[in-house]
Structures are given as C-alpha cells and as structure tokens.
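Thanks for sending this one over for a look. Here are my notes, as numbered points to read beside the model.

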Amino acid sequence: MKHRLALCTVHKDEESYLPEWICYHLNVGVEHFYIYDNNSAAPTAEALRPFIDRGLVTVTPIAAFPSLLLSYNDCLARFGPSCRWIGFCDCDEFFVPKRDRHGACHWLPQILEDYEAHGGLVVNWMEFGSSGLLTRPEGLQLEAFRRCRISDVVKTIAQPARISEALQSHFMGYRAPHHAVNEHHEACPAGRNPPWPGGVQPPWVDENVRRMMNKAQLNHYFLRSRAEYEQKMLRGAHDGGRIDNPLRIAWWEESEKLYTETDDAIVRHAGATRELMEHVLRGAASDPPLLGDLARREPHIGWRLATTD
C-alpha cells in the first residue's frame with residue numbers, strides 16, 4: 001500500500017488556505033493529498049508546486065458543477081487502490097487526534113488502527129465561529145479562531161477497498177458487510193453521530209455528542225471572519241448548494257451567538273505547522289525523510305523537520 005492515510009478535498013479559489021491545511025495534516029500523520037481544483041482563477045498546481053514537487057500533493061482539475069461527488073468518486077476509482085485510508089473533507093476542516101487506547105495521541109494513524117475491522121470512522125465536527133474577527137487574521141487560522149460549538153454532523157475517514165461509492169459529502173456507501181462506525185464502534189450509517197431516530201433531532205443530542213469526541217474531532221472553520229465569509233458566499237458550494245444570498249450575512253451575525261465554548265485542542269500543533277510551512281514555501285534545498293517512511297519508524301511523533309538546509 002503506497003499511502004497509509006491520505007485526504008481528498010475539492011476547492012475553488014481557496015489556494016491561500018491550502019498550505020496551512022496540508023502542513024497541519026502532515027504533522028498529524030497524513031501522507032498524501034488529492035486536491036480537486038474546481039475552476040479556480042489561479043491554477044492550484046502552481047500555488048502548490050513546492051508540495052507537488054515533493055510528492056505530497058496530486059492536483060486534478062474538475063470543471064463540472066456540482067463537483068463534490070464526482071471528485072470523491074474519481075478519487076476512489078483512481079487513487080483508492082493506493083491508500084489504506086482516505087479522509088474526505090473540505091479545506092476548512094481539520095482532523096484533530098486526541099486520544100487512542102493508550103492515552104493522549106497526536107497521530108491519526110494510531111487512532112485508525114483500532115478501526116481496521118470497519119469500513120470507516122466518522123468524526124464529529126467542532127464548529128468554529130469568527131471569534132469576533134471582521135477581517136482575515138494574520139497567521140494561522142487554527143490559532144486565531146477558538147470560539148466554537150459541538151455538532152452531531154460528521155465527516156468520514158474510510159478504507160477505499162470497502163467503499164462502494166461516495167453518496168454525500170458526509171458519508172460513504174460501503175460494500176457488505178462493512179459500514180462506518182463512531183469511536184465507540186457503534187454503527188453510524190448517515191451523516192450524523194449519533195443518528196437521529198426517524199430523522200428527528202433528539203433533545204439529548206448535545207449531551208451525547210460529547211462522548212463521541214474523545215479520540216478525535218473535526219475542526220470546521222465554517223464562518224471565519226466576516227470578510228472571509230462574504231468571499232465564501234460568492235464562491236458557492238461544491239455540492240451545488242447556493243450560499244450567495246445576501247440574507248446569509250444576517251445569518252452569520254445570528255450564528256455568532258451560538259459559539260459559546262472555547263476549544264484549543266488543535267493549537268498544540270501550531271508551531272510544527274508553521275515551521276513546516278516556512279520550510280516548504282521558502283523552497284528549502286533539503287528535506288526530512290519522506291513522511292511515510294518516518295511515520296512507519298516513529299509513529300508516536302509527527303513529521304519533525306531536518307535542519308540541514
């Protein structure tokens with residue numbers, strides 16, 4: 001198997017966010033990134049050239065709209081046989097490892113070892129607001145945005161060999177007898193964890209969601225700053241949904257009231273993420289060993305950079 005863990009995403013005109021997303025995930029155990037470029041104004045392949053040249057990123061242009069399911073299923077068909085696991089998410093979503101069966105964990109592949117008998121693992125959103133910011137902050141978004149709320153919405157990290165097709169942005173279809181589970185090995189057939197009985201949100205959902213986020217969570221930087229959200233409305237959604245309604249700004253303002261918690265779980269990775277971004281983007285002549293090789297030798301740490309350049 002070429003890659004133990006890869007990520008697949010679709011984006012349009014979000015190339016300025018991709019280096020942080022890539023470098024963060026490299027430091028928690030992702031080995032490769034399949035990025036589908038949905039008619040971005042600036043070619044993604046050029047923006048990510050340092051990552052492509054290192055064999056870390058594969059960029060595929062896709063002109064169709066909606067593009068998300070076409071991209072996911074193309075990724076499964078073309079690249080699935082090369083990967084043990086693929087996580088499917090947007091580039092404003094960050095998988096955050098928290099614990100494995102031995103305790104505190106900073107490495108996603110360690111967590112996935114406990115779920116190899118299943119088709120996939122669903123990971124709940126921790127949804128972040130603007131933290132009061134009106135314009136894009138300098139530095140890393142994973143440090144800037146900390147006010148949040150828990151969510152029963154999930155995304156999936158799955159084993160391609162056990163997937164029949166991507167059915168929706170939040171869940172996959174699986175080949176029998178396989179299915180996706182939550183961190184407690186409970187079946188989770190759709191895009192919410194725990195599932196809604198009869199499709200109706202139960203009153204206990206918030207309480208029960210907390211027990212689903214002990215091992216990992218998916219930080220979703222959905223709103224970001226007001227200015228960034230306005231840009232997001234103009235881009236539209238890859239699944240065909242429209243978010244360019246001016247009334248959505250009023251919704252953004254109302255939503256801010258919902259983000260009443262603070263979560264810093266991802267911040268411990270900020271230093272390593274920044275270091276790797278600087279290393280790659282400045283075009284360092286020498287690199288550390290290939291991430292996959294280092295992951296197999298030292299699974300308890302992330303990618304630590306060589307200092308020989």
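**Notes on the predicted model**

1. Let me start with a loop. Ser131 sits in the loop that runs between strand E8 (120-128) and helix H6 (141-144).

2. A second residue belongs beside it. His185 also has a positive phi, about 65°, although it is not a glycine. You will find His185 in the loop between E12 and helix H7 (205-210). With a relative accessible area of 38%, His185 is partly exposed.

3. Ala190 is found in that loop between E12 and H7 too. Its relative accessible area is 34%, so Ala190 counts as partly exposed. Leaving out residues up to four places away in sequence, Ala190 touches Val154 and Phe171. Along the chain, Ala190 and Phe171 are 19 residues apart, and their C-alpha atoms are separated by 5.9 Å.

4. Now the cis peptide bonds. One joins Phe65 and Pro66, with omega about 0°. Pro66 is placed in the loop between strand E3 (57-61) and helix H4 (68-79). Another cis peptide bond joins Ala176 and Pro177, where omega is about 10°. In this case the proline, Pro177, lies in the loop between strand E11 (171-174) and strand E12 (180-181).

5. For the overall picture, the chain holds eleven helices and 14 strands. Of its 309 residues, 54% are buried. The chain exposes about 13300 Å², and carbon and sulfur atoms supply 53% of that area. Taking contacts between residues at least 6 apart in sequence, 75% join residues at least 24 apart.

6. Which residues touch the most other members of the largest nonpolar core? They are Trp21, Ile22 and Phe33, in a core of 54 residues. H1 gives the most to this core, with six residues. Setting aside neighbours within four places in sequence, Ile22 is in contact with Phe33, Ile35, Leu48, Phe51 and Val57. There is also a second, separate core of 23 residues, and among its members are Ala6, Leu76, Ala158 and Tyr174.

7. The buried residues are Leu18, Pro19, Glu20, Trp21, Ile22, Cys23, Tyr24, His25 and Leu26.

8. One partner of H1 is H10. Two packed helices are described by the angle between their axes and the distance between the axes. Helix H1 (residues 18-26) packs against helix H10 (residues 270-281) at an angle of about 120°, and the axes are 9 Å apart. The crossing of H1 and H10 is right-handed. On the H1 side, the contact uses Pro19, Glu20, Cys23, Tyr24 and Leu26, which meet Thr273, Leu276, Met277 and Leu281 in H10. Sorted by class, this contact has seven nonpolar residues, one polar and one charged.

9. His269 could be read together with that packing. The residue is placed in the loop between strand E14 (261-262) and H10. His269 has a relative accessible area of 6%; buried means under 20%, so this histidine is buried. Not counting residues up to four places away in sequence, His269 touches Tyr24, Val28 and His106. Tyr24 is also one of the H1 residues that meet H10.

10. Last, a cysteine. Cys89 is found in the loop between strand E4 (83-88) and strand E5 (93-97). Is Cys89 buried or exposed? Its relative accessible area is 0%, so Cys89 is buried. Beyond residues up to four places away in sequence, Cys89 touches Leu7, Cys8, Thr9, Trp21, Tyr72, Phe95 and Lys155. Cys89 and His170 are 81 residues apart in sequence, while their C-alpha atoms are 8.1 Å apart in space.

Conventions. Residues numbered from 1 in each chain as written. Predicted model: local features only at pLDDT ≥ 70, side-chain atom pairs only at ≥ 80, totals over all residues. Heavy atoms only, no water. Axes fitted to C-alpha atoms, helices over the stretch in contact; angles between N-to-C directions. Helix = DSSP H or I, 4+ residues; strand = E, 2+ residues; numbered from the N terminus. Left-handed = near helix turned anticlockwise from the far one by under 90°. Contact = heavy atoms within 4.5 Å. Nonpolar A, V, L, I, M, F, W, Y, C, P; charged D, E, K, R; others polar. Buried < 20%, exposed > 50% of the residue type's maximum accessible area, 1.4 Å probe, protein only. Areas by Shrake-Rupley, 256 points an atom, 1.4 Å probe, with all protein chains shown as cover. Core = buried A, V, L, I, M, F, W, Y, C linked by side-chain atoms within 4.5 Å.
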